[in-house]
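New notebook page, new structure. I want to look around and jot down what I find.

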Amino acid sequence: GNFGTTAPTDAVAAVDAARAAARDQGAKVFAVITHKGVTGFNTDGSPKGELIDFANALSGYHVIFGDHTDVQWSGTINGALVTENRSKGVTYSRTVLTVQQGTGRSISLSHQFVSPAASGVTKDQAIEAMLQPYRVELAEAFDVKIGVATDVFVRGGNVERRQEVAIGDLIADAIRLEYGTQIALINSGGIRSPLPSVYVPLDTSLDRSAPGPYDLVVGDPYTVLPFGNAVVTRDVSGSQLWAALENGVSAINPDGTGTNGKFPQISGFRFTYDGTAAPGSRVRSVTLDGGTAIPN
């Protein structure tokens, strides 16, 4: 229901339709910006993932910019430069396309990855002064201490997207207890920071340094779960739960590698799966914490 009047459609068809409409208006150069990324590499070193599948299905484009998976890669697919750079400003992709005026024929296409360095940038003091009152106001709300962690709840390196982790258990347990449900399930892709988080309090009296214990503040849960996702409570059948779990473990490779934000972190039940089986038939058992089996 959150989509409103927006209906997700096939990306390839949507892009080709937009290209046709632009061409009818005289466009000659076509670039695609997508939130699809490279998810890994095959044994021969070639890339794989949604960005590659997407680019292979397109033709007649000059450049395709990918994103999302924090992988740096570039190459040519169906005559188009396809590139993805690292996330959060670690690198950016400098692409220069020269085309023949009037025809759109590509004359040259150059590309390089650039690693920006904060040390090479002088802060604009006017902007710093403008931001300072907001930083103080946020700190008044976010620096309020709410607890103590005796160790780090790890998140990062996609560990939470391939296995059970303590921070996933913490969040799923909290949701189940808050809403009084029998079980709870969250997708790992919504977990965006360890605990204590990358939030940096202005209050320097708070203990945030290793080896802990660590003071936790209001800013931490906002940083761990920044998207404002809504919790939905509902009745589900055993077959629906099995289907959700199958979807959650479908991206795991037989050797245990492979990550995806849909990997489930759970509470109130447990399940086993076989990563060597075909996606869609991997889950082997689902039981409540008390041992009662949940049939498919």
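How much space lies in the largest pocket? I looked that up and got about 1400 Å³. For my own record, a pocket here is found on a 1 Å grid over the protein atoms alone, as an open set of points where a 1.4 Å probe fits, with protein on both sides within 12 Å along at least five of seven lines. Points are joined across faces, edges and corners, and the volume is the space filled by probe spheres set on them.

**Ground rules.** This is a predicted model in which local features need pLDDT of at least 70 and side-chain atom pairs count only at 80 or more, while totals for chains, interfaces and linings use all residues. Residues are numbered from 1 along each chain as its sequence is written, and side-chain values use heavy atoms, with hydrogens and water left out.

**Confidence.** I checked pLDDT, the predictor's confidence in each residue, from 0 to 100. The protein chain has a mean of 93, and 100% of its residues reach 70 or more.

**Overview.** I find 6 helices and 14 strands in the protein chain. The C-alpha atoms fill a box of roughly 70 × 55 × 40 Å along the principal axes. Of the 296 residues, 32% are buried; that means under 20% relative accessible area, with exposed being over 50% and partly exposed in between (1.4 Å probe, protein chains only). I also looked at contacts, meaning heavy atoms within 4.5 Å. Among those between residues at least 6 apart in sequence, 56% join residues at least 24 apart.

**Back to the largest pocket.** I see 42 lining residues, with Ile175, Ala184, Leu185, Ile186 and Val231 nearest the centre; to count as lining, a residue needs an atom within 4 Å of a point. Elements giving two or more residues to this lining are strand 9 (145-149), helix 4 (166-179), strand 10 (184-187), strand 11 (214-217), helix 5 (219-224) and helix 6 (238-248). Helix 4 gives the largest share, 7 residues. By class I get 27 nonpolar, 11 polar and 4 charged. In that scheme Ala, Val, Leu, Ile, Met, Phe, Trp, Tyr, Cys and Pro are nonpolar, Asp, Glu, Lys and Arg are charged, and the others, Gly among them, are polar.

**Second largest pocket.** This one holds about 980 Å³ of space. His68, Thr69, Asn158, Arg161 and Thr259 are closest to its centre, out of 34 lining residues. The classes here read 5 nonpolar, 16 polar and 13 charged.

**Two of those residues again.** I noticed that His68 has a positive phi of about 100° although it is not a glycine. His68 sits in the loop between strand 4 (63-65) and strand 5, and is partly exposed at 44% relative accessible area. Asn158 also has a positive phi, about 65°, without being a glycine. Its loop runs between strand 9 and helix 4, and at 30% Asn158 is partly exposed.

**Cis bonds.** Which peptide bonds are cis? I found Leu195 to Pro196, with omega near 0°, and Gly212 to Pro213, with omega near 0°. Pro196 is in the loop between strand 10 and strand 11, and Pro213 is in the loop between strand 10 and strand 11 as well.

**Cores.** A nonpolar core is a set of buried Ala, Val, Leu, Ile, Met, Phe, Trp, Tyr and Cys residues joined through side-chain atoms within 4.5 Å. The largest has 17 residues, and Phe54, Leu58, Tyr61, Ile64 and Val82 touch the most other members. Helix 1 (11-24), helix 2 (50-56), strand 5 (73-77) and strand 6 (80-84) each supply at least two, and helix 2 gives the largest share, 4 residues. Leaving out residues up to four places away in sequence, I list Phe54 as touching Ala11, Val12, Val15, Val32, Thr34, Lys36 and Ile64. A second, separate core has 13 residues, including Leu241, Val249, Leu288 and Ile294.
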